[in-house]
Amino acid sequence: MLDRHLFTCFVTVLTLAPHGAWAAALDPKVQSYLETHCLKCHDADVQKGDFRIDNLSPKIGFEDTPQWLELMERINSGEMPPKKEKVKPTAEESAKTVEWISARMKEGESARMAARGRVSYNRLTRDEYVNTVCDLLGVQYDANDPGAFLEDPEWHGFERIGSVLTLSPSNIEKYLAAAETVLNEAYPEIPDKKPAKPPTPFGGSKPVLYEEQISEHHRERLRELGLLDKVRYDCWPGDIFRYSALRDPLPEAGVYEISYTLSGLKPKNGRAPRLKVYESKLDRVLFEQDIVAAEDKPVTVTFRAHLPKGRPNIEVYNDVPGPSNLPRSGRHQSGVPFVSIKDGRLPWQIKLTDEQGNARYPFLILDSISWKGPIITEEEQSVRAAYMPATEDMDEIRSCFTKLAQKAFRRPVNPEEIDGFVGIVKSELAAGEKFREAVKAGMASILCAKSFLFLTEGDPNAKRHMLNDWELASRLSYLLWSTMPDAALLSLAENGKLHDKAELSKQVARMLADPRATQFTDSFANQWLRLRKVGMFPPDKKIYPDYDDHLEQSMIRETQTFFREVVQSGHTLRDLLKSDWSMMNARLADFYGLTDAKVAGDEFVKVSLTAESHRGGLLTQASVLSLTSDGTRHRPVHRGVWVMESIFGKSPPPPPANVDPIATNPAAPKATLRQKLEAHIHDENCAACHAKIDPLGLAFENYDAIGRWRTEEVTDGIGANPKVSAVGKLPDGRAYQTADEFKNLLLADLDRFNVTFIEKLATYGLRRSMSFDDHSELKAIAAASKSKDYRVRDIVEAFVCSNLFQKR
């Protein structure tokens, strides 16, 4: 058996050794725990289960990771030390040991994720690719369409981490296909020896139904009455209209403008009918909006959508709940064309209105549809023309490719790089390819080049820790706009002025004022707060019949527009935790029960909140409350974990394996999920961790699984529904009675949230996790934030102007 004294000396020597960035030695309490409870059975002599701990590396997270993980899981589950041992650790001692090992594992993971060689390659996300291609060639490539790009992998919610966004063979194939699609739209095929020009304009108007779509009997009757051109389409709740397309197919891929002229009848105190335009082949919603307009005063709604060449498969829904769309409801289903409410209904059909002429159900009345496109602006056409040579002169081809590559690569290019692209054109021409297609092959190679698909930082020939001006321009542009630098940034980079912090401050102000800054506010909010999880577990329709796609999207948009308003209007971190305002549309205001809110339609506006609204700040927004729930019930533990990770910047240790779920018991007296949870945590090891997690989630017991306010919990069992309790106590002893009081406790600890927010921002902006080496720079940004009263806009500026932002 290994001498205990030697083992202690071994660990002590490691503790006293020079402390590298991540070569952390064992904590004395952890060392004592292992010596007392583990070493006896798992040393060089005994090795029960063929497992040793005396020779495990103290570089946890870097070396012997599987062994440390198994050790942590065995302790966490209570399997080790064995029950028969006379000297047993307390649950608190085991929990602290597991927590310490877990923290070291996460630190090691972060250090590996932050590691950088001489050159770092950060692949563009699919959203960044789409934005960049649009700015480069004016083409709106649809990366989400079937057969396009896969979803970007994430790490702790972030989708921009360079070490995670690897390049697989399937990625390469998709980039090749995307480049071909983009270039075919930018430069459609034209007859030889004719100058390039925009596609022939396409468009026109159509009635909802052509004459031949109306049965002959009704056609003659309506013609005699002079009503044949007055036929409309009544679209009941859940109904589908499939006749939006013109007779001719779309001539080219591109952006098309589509208009619907229609009415929308809204019942008193009921939902407005909702127009939802869906392209089924692309599996994409093109447009949706509530419509309220009298039958005799139709409105025209117009939107633009990118569509492929050919015949679109467009379906129009009235996307609201209501009576089933049977012949008794939908008049067109019975073969009787709809003209107007005045002309009446068949006796056996459901009436559209009551005796006073008010709508009984939310329904749409479609009149006509018009198309126009493909729409290409003069600027887009000019940009495309600049890259396409007019002749087969190789010098002209080289000049065009130099312009394209320099803008695409976001830096100067050298002649040798252009030689390769021009060489592709030469080889294609030699093989008999048409000139225009040969040039597009050379362009495709630029769009598939590493310098386009990746943000490259560093120098293969020298060890460089700081970004150069070109790299800094890209980092700033992809932070605030999720796209390539504009002409102003590239000009500053060319003149070497971007390292001037005064200039950086000026650029942050300019870029945040640009509409493209919504890319930052939406994307960062999505990733930091994990909004992609909203709707991951669709709520049970029987329990939550009012939940639909419109409400789900409204929840997400509230959080996005709320964060955008915080940034743009100079609000502070305090508003993120607790505010007396939020952003609402009519659907969300109705869902929250804010009857006094002056909100109409889909547009989000700033709304003042009272204490009685039980809202304010991020934590009580329906998006956050629903993403931490499942499809049937709220999850206090998940809510606590979310607060711990998103607000406090800490991750709890993994839960023990094979823990029984909380079961319902219909035969027992009704109990809240909180009561079941407290009864469920009978294992001391579980209780030790839950004591830190649960109070962070139990503060929101007054909100159900989709974020509705409640005072009692509807549950299975016998008796009356029990009252909910949001009372709790934090591990440091501070108590709260309500969610509002819990928010006040967070405000009292604002510096802690300040640090977390800055770390999340830095992770997003630098495209890597934060490591120990970043501590001093993060601390300096936190100090700058505090000096500016924690204004979020100033935090963004302090981050961009920091030394950390300029480091590789």
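## A buried salt bridge

Arg587 is buried, with a relative accessible area of 7%. In this predicted model, Arg587 forms a salt bridge with Asp548, and the closest N and O atoms are 3.4 Å apart.

## Other salt bridges

Across the whole structure, a search finds 47 salt bridges. One of them joins the side chains of Asp789 and Arg574, at 2.9 Å from N to O. This pair links distant parts of the chain, 215 residues apart: Asp789 is in the loop between α26 (775-787) and α27, and Arg574 is in helix α18 (residues 573-577). Asp789 counts as partly exposed at 34% relative accessibility, and Arg574 counts as partly exposed at 32%.

Asp749 and Arg752 also meet through their side chains in a salt bridge, with an N to O distance of 3.8 Å. Asp749 is partly exposed at 23% relative accessibility, as is Arg752 at 37%.

## Buried helix and strand

Helix α27 (residues 792-800) has 7 of its 9 residues buried, so the helix is largely enclosed by the rest of the structure. The buried residues include Val792, Asp794, Ile795 and Phe799.

Strand β12 (residues 581-584) is covered on both faces, with Trp581 and Met583 buried on one side and Ser582 and Met584 buried on the other. In a regular strand, side chains alternate between the two faces of the sheet. Strand β12 pairs with β13 (residues 605-608) in the antiparallel sense over 4 bridges, and Met583 stands opposite Lys606 of β13.

## Surface

The protein chain exposes about 37,500 Å², of which carbon and sulfur atoms supply 52%. Leu167, Ile172 and Leu176 make a nonpolar surface patch of about 260 Å². Leu176 belongs to helix α6 (residues 169-186) and is partly exposed, with a relative accessible area of 49%.

## Whole chain and confidence

The protein chain contains 28 helices and 15 strands, and 52% of its 808 residues count as buried. Among contacts between residues at least 6 apart in sequence, 73% join residues at least 24 apart.

The average pLDDT of the chain is 87, and 90% of the residues score at least 70. Residues 1-24 have pLDDT below 50; this stretch has 35 contacts in the model beyond near neighbours in sequence.

How values were computed. Residues are numbered from 1 along each chain as its sequence is written. This is a predicted model: local features need pLDDT of at least 70, side-chain atom pairs count only at pLDDT 80 or more; totals for chains, interfaces and linings use all residues. Side-chain values use heavy atoms; hydrogens and water are left out. Buried means under 20% relative accessible area, exposed over 50%, partly exposed in between (1.4 Å probe, protein chains only). Helices (H or I, at least four residues) and strands (E, at least two) are DSSP runs, numbered from the N terminus. pLDDT is the predictor's confidence in each residue, from 0 to 100. Contact means heavy atoms within 4.5 Å. Two strands pair if DSSP finds at least two bridges between them. Patches are made of residues with over 30% relative accessible area and no salt bridge: like charges are joined within 9 Å, nonpolar side chains (Val, Leu, Ile, Met, Phe, Trp, Tyr) within 5 Å. Accessible areas come from the Shrake-Rupley method with a 1.4 Å probe; for residues, only the protein chains shown count as cover. A salt bridge is a side-chain nitrogen of Lys or Arg within 4 Å of a carboxyl oxygen of Asp or Glu.
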